[in-house]
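Subject: A structure to look through

Dear colleague,

Please find below the structure that I promised to hand over, together with its sequence. Once you have had a look, read on for what was found in it.

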Amino acid sequence: MLALPLRLLRSDERVLRVLQDSYRWVLVDEGQDLDRTQWAMIELLAACHGNLLVAGDAAQGIFTGPAADPRALRTFPDPYPCPSGGPGLPPKPRSWPGSTP
C-alpha cells in the first residue's frame, strides 16, 4: 500500500518538494513499529529541512511480524544526532521499578 507513494516520492522531485515544504517538521510516534517503507518515506519528507522528531522505544515493539523494524529506531541517532548531545528523554515514570503494584 505504501510502495507506490514511496516510488512516486523517489521518482518525482516536484511532488517530493511540495510535500517537504508542506511538512517542514515531521513528528513520528511509536517509531519502533514502523517498517522500512515507512522509515524511507519519513526520511525523504524530512531530508530537505532536517526537522525530524521520533518518539518510541525499541524494546517495546508491538508488531513482532517481519514488517516492523525496531533497529531503525536504535540507529536513528546516527544520521539524526540530538542537538543537545543527549540520548533523548528519560524513561517514563510508569516504567520505573516499583511504580506499579
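How many aromatic pairs does a search of the whole structure find? The search finds zero. Please keep in mind, as you read the rest, that this is a predicted model.

Let me begin with the overall layout. The secondary structure of the protein chain comes to four helices and two strands, and, read from the N terminus on, these elements follow the order α-α-β-α-β-α. The protein chain has 101 residues, of which 26% count as buried. If you take the contacts in the protein chain between residues at least 6 apart in sequence, 73% of them join residues at least 24 apart.

Next come the helices and how they pack. Two packed helices are described by the angle between their axes and the distance between the axes. For helix H1 (residues 3-11) and H2, the axes come within 5 Å and cross at roughly 100°, which makes H1 roughly perpendicular to H2. The residues that meet here are Leu-8, Leu-9 and Ser-11 on the H1 side, and Glu-13, Val-15, Leu-16 and Leu-19 on the H2 side. H2 also packs against helix H3 (residues 36-47), at an angle of about 75° and with the axes 8 Å apart, so H2 is roughly perpendicular to H3. In this second packing, Leu-16, Leu-19 and Gln-20 of H2 meet Leu-44, Leu-45 and Ala-47 of H3.

The charged side chains are worth a separate look. Side chains of opposite charge can pair when their charged atoms come close. In this model the count comes to two salt bridges. One of them joins Asp-12 and Arg-14, with the closest N and O atoms 3.9 Å apart; Asp-12 is buried, with a relative accessible area of 19%, whereas Arg-14 is exposed, with a relative accessible area of 66%. Asp-12 counts as buried because its 19% falls under the cut-off of 20%. Another salt bridge brings together the side chains of Asp-21 and Arg-17, at 3.3 Å from N to O. Because Asp-21 and Arg-17 are four residues apart in helix H2 (residues 13-22), they are separated by about one helical turn. Asp-21 counts as partly exposed at 38% relative accessibility, and Arg-17 likewise counts as partly exposed at 38%.

Now to the strands and the loops around them. Where does Val-28 lie, and is Val-28 buried or exposed? Val-28 is found in strand E1 (residues 26-28), and it is buried, with a relative accessible area of 7%. Leaving aside residues up to four places away in sequence, Val-28 touches Leu-34, Ile-42, Leu-52, Leu-53, Val-54 and Ala-55. The C-alpha atoms of Val-28 and Gly-56 are separated by 8.3 Å, although these two residues are 28 residues apart along the chain.

In the loop between E1 and H3 you will find Glu-30, a residue other than glycine whose phi has a positive value, near 60°. Glu-30 is partly exposed, with a relative accessible area of 38%.

Further along, Asn-51 lies in the loop between H3 and strand E2 (52-54) and is partly exposed, with a relative accessible area of 27%. Not counting residues up to four places away in sequence, Asn-51 touches Arg-24, Trp-25, Val-26 and Ala-46. From Asn-51 to Tyr-80 the C-alpha distance is 9.3 Å, while the two are 29 residues apart in sequence.

Finally, Ala-59 lies in the loop between E2 and helix H4 (70-74), where it is exposed, with a relative accessible area of 71%. Ala-59 and Leu-73 are 14 residues apart in sequence, and their C-alpha atoms are 9.9 Å apart in space.

Technical notes. Residues numbered from 1 in each chain as written. Predicted model: local features only at pLDDT ≥ 70, side-chain atom pairs only at ≥ 80, totals over all residues. Heavy atoms only, no water. Buried < 20%, exposed > 50% of the residue type's maximum accessible area, 1.4 Å probe, protein only. Contact = heavy atoms within 4.5 Å. Salt bridge = Lys/Arg side-chain N within 4 Å of Asp/Glu carboxyl O. Phe/Tyr/Trp six-rings, centres within 6.5 Å; stacked < 30°, edge-to-face > 60°. Axes fitted to C-alpha atoms, helices over the stretch in contact; angles between N-to-C directions. Parallel < 35°, antiparallel > 145°, perpendicular 65-115°, else oblique.
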